[in-house]
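Please look over the sequence and the model shown below.

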Amino acid sequence: MNEKHCQSCGMPMGETDELYGTNKDGGKNEDYCEYCFVKGVFTEPDCTMEEMIAFCVPHMVDMVESNAGMKEDEARNMLREFFPTLKRWNAAS
């Protein structure tokens, strides 16, 4: 089973729709989390990929148990590889 991630911030979205963002009509959006996408718009519409990476690095380093001992540079490099595969940051989409 592939783990579903927010296509903006990369956060794992779990096995339910609890963390899904919302579309303009109030329905759940399966691509983006509730922190990135509300009522059909990005909560930070002018955010660049680098700004999102900078925001996410501390969460990876401090808040994710599976990343215990991860250094900021390591997290930043990992996100720089991962983010271009996400829908919001993929230049091909």
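The sections below take up the basis of the model, then the salt bridges, then one glutamine.

## Basis

This is a predicted model, in which local features need pLDDT of at least 70 and side-chain atom pairs count only at pLDDT 80 or more, while totals for chains, interfaces and linings use all residues. Residues are numbered from 1 along each chain as its sequence is written, and side-chain values use heavy atoms, with hydrogens and water left out.

## Salt bridges

With a salt bridge taken as a side-chain nitrogen of Lys or Arg within 4 Å of a carboxyl oxygen of Asp or Glu, the count comes to 3. In one of them, the side chains of Asp31 and Lys87 meet at 2.7 Å, N to O. Asp31 belongs to strand S2 (residues 28-33) and Lys87 to the segment after helix H2 (72-82), so this pair ties together parts that are 56 residues apart in sequence; helices (H or I, at least four residues) and strands (E, at least two) are DSSP runs, numbered from the N terminus.

Glu50 forms a salt bridge with Arg80, the closest N and O atoms being 3.0 Å apart, and this pair links helix H1 (residues 49-63) to helix H2 across 30 residues. Arg76 and Asp73 form a salt bridge at 3.5 Å between their closest N and O atoms.

## Surroundings of Gln7

Gln7 lies in the segment before strand S1 (20-22). Beyond its neighbours within four places in sequence, Gln7 is in contact (heavy atoms within 4.5 Å) with residues including Asp31 and Lys87.

A polar atom of the Gln7 side chain lies 2.8 Å from the backbone nitrogen of Lys87, and one lies 3.1 Å from the backbone oxygen of His5.

Conventions. A polar contact is a pair of N or O atoms within 3.5 Å; within protein, one must be able to donate a hydrogen and the other to accept it, and residues adjacent in sequence count only if both atoms are side-chain atoms.
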